[in-house]
Protein chains: 2
Amino acid sequence: MLVAQRKDFLLARLDRDRRVVAKDVAAELGVSEDSVRRDLRELAAAGLCQRVYGGALPASPAVADYGTRRAVEVDSKQRVAAAAAALIRPGSTVILDGGTTALAVTRALPAGLEATIVTHSPTVVAALAGHPSVEVYVLGGRLFRHSMVACGAAAVEAAQVVHADVFLLGVTGVHPDAGLTTGDADEAAMKRALAQRAADTYVLASTEKIGAASRFAVLPLSAVAGVITDASSQDETVRRLSADGVPVLPA
Amino acid sequence: MLVAQRKDFLLARLDRDRRVVAKDVAAELGVSEDSVRRDLRELAAAGLCQRVYGGALPASPAVADYGTRRAVEVDSKQRVAAAAAALIRPGSTVILDGGTTALAVTRALPAGLEATIVTHSPTVVAALAGHPSVEVYVLGGRLFRHSMVACGAAAVEAAQVVHADVFLLGVTGVHPDAGLTTGDADEAAMKRALAQRAADTYVLASTEKIGAASRFAVLPLSAVAGVITDASSQDETVRRLSADGVPVLPA
DNA sequence: AAAGAAGAACGAGGAGAAACGTGCATGCTG
DNA sequence: CAGCATGCACGTTTCTCCTCGTTCTTCTTT
């Protein structure tokens, strides 16, 4: 069996079962678990699946999924979120993206922080209800259920009135060549518009994002003030980012 | 069963049942209660749920708030919400106000309803996540934490682009003389702006609202197409409303 | 209504098993 | 022979379950 063939098989299985268990597939295909793991690792690096302990899950949540919530790489996201929250100075204005990692940032905010947070994610808004000292500004527009954020022309327009100090950007992929990528074209446009409205853009990049690439480009890496990640500084991708002059902020 | 998958399962259960009992899930999945507790602990740490003795509840404080407030007149609100939901025709565009009764309307929507819902309440948006067939449009603006809705000049302006068939209006008081009232001036202005953008405005009036009056006027009763209430038609206030020519729709 | 006892749930810590990534040797292909 | 995919061995990390002592809830007793 050829490598590419085996990877196709894995992706087909992910589509069908919404999960893959390395051990089972190895037995089924008559190859070692090592090979399966290697394949899954490479597929994950390409953004085609999410690697988890024991196997892999589809890259994008299932159709009828629970909004933006996904229970993968939970503590990695937490570390990144904590580092991002530490960037927020009292009194500053911050644009907060949608997505699980951004949601984790709301959790990591110090109690009593006085700041203004602008977001296009109703989920983030709901999470900020617990921070009475934070002023919240919602960007409206058509709701993209896939990721539970407001997108589209109206949302982009609404964003034009904002002047923020920092934009905390969530993406699906951070790749030395492909730059910052995400799975939806409209979302990418929205993120781009938000990046223009902030002095500095920082990328929230939990480990599974590092080295991955999705279908739609958001921004080149040169456009951001830093990539916040808890991936090891020894990581191949992280080294390439640093070599290319992209500031990497360890979480 | 993969770890990440199990966590996803827990989140799905939280969405479906609004709670999770550690012991039950452990039995259902065939793992130890320890493992379930550990998962819940981690999810809670990531802000994806709220840990309580015996299990977990959904994360959003807004929802938790809803949980505490809904104890008031829960049946009444549900009946009113059901009657309001029945007013929504497939294919129509509806503006849905904020507040607990409006939230109850989202729960009363028939599954698979194809309609467009416009709202300025992130909480309502979050609740609509479970209705994939409904198109959602969010009105942005400054967030009023008191009632968790977007208000202010920007929100009023954003509302100007909407043309809806029905506006389901929530108020704190429905009084024969004082008309429709609410507790906040900006909220009142927002509600007024929304009423102008819909062909018909219906008032969501659970029993405790009938005969009550708050500090700020929203609209005169003559401006609405109907008051939806489950208060008895023998009720003094209801009789006066009817006598004044206000259509009262029994829930 | 307050106090106390019984039971359930809890977090911490440890042992064992499973999965992991890496380095290296093997074998196939061009 | 060069290049690459593969499988094995190894040390490491992660997960699960179990035990133990603590905390919380509830029921009973006063």
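The legends below describe close-up views of a predicted model.

**View 1. The interface between chain A and chain B.** In this predicted model, 42 residues of chain A are in contact with 39 residues of chain B, and the area buried between the two chains is about 3300 Å², with carbon and sulfur atoms giving 61% of that area. Across this interface, 14 residue pairs are found in polar contact. The side of chain A that touches chain B draws at least two residues from each of several elements, including helix H4 (74-85), helix H5 (100-108) and strand E7 (141-144), and by class this side has 27 nonpolar, eight polar and seven charged residues.

**View 2. A salt bridge and a pair of strands between the chains.** There are two salt bridges between chain A and chain B, and one of them joins B:Glu135 to A:Arg142, whose closest N and O atoms are 3.3 Å apart. Strand E7 of chain A pairs with strand E6 (residues 135-138) of chain B in the antiparallel sense, over two bridges, and A:Gly141 stands opposite B:Val138 in E6(B).

**View 3. The protein surface near DNA strand C.** DNA strand C is surrounded by 19 residues, of which the closest are A:Arg37, A:Gly54, B:Arg37, B:Tyr53 and B:Gly54. These surrounding residues divide into five nonpolar, four polar and 10 charged. Of the atoms of DNA strand C within 4 Å of the protein, 74% belong to sugar or phosphate, while the rest belong to bases.

**View 4. Individual contacts with DNA strand C.** A base oxygen of DNA strand C lies 3.2 Å from a polar side-chain atom of A:Asp34.

Terms used. Residues numbered from 1 in each chain as written. Chains lettered and ligands numbered in written order. Predicted model: local features only at pLDDT ≥ 70, side-chain atom pairs only at ≥ 80, totals over all residues. Heavy atoms only, no water. Contact = heavy atoms within 4.5 Å. Buried area = accessible area lost by both parts, 1.4 Å probe. Salt bridge = Lys/Arg side-chain N within 4 Å of Asp/Glu carboxyl O. Polar contact = N/O pair within 3.5 Å; in protein donor to acceptor, adjacent residues only side chain to side chain. Helix = DSSP H or I, 4+ residues; strand = E, 2+ residues; numbered from the N terminus. Nonpolar A, V, L, I, M, F, W, Y, C, P; charged D, E, K, R; others polar. Pairing = 2+ DSSP bridges. Near = heavy atom within 4 Å.
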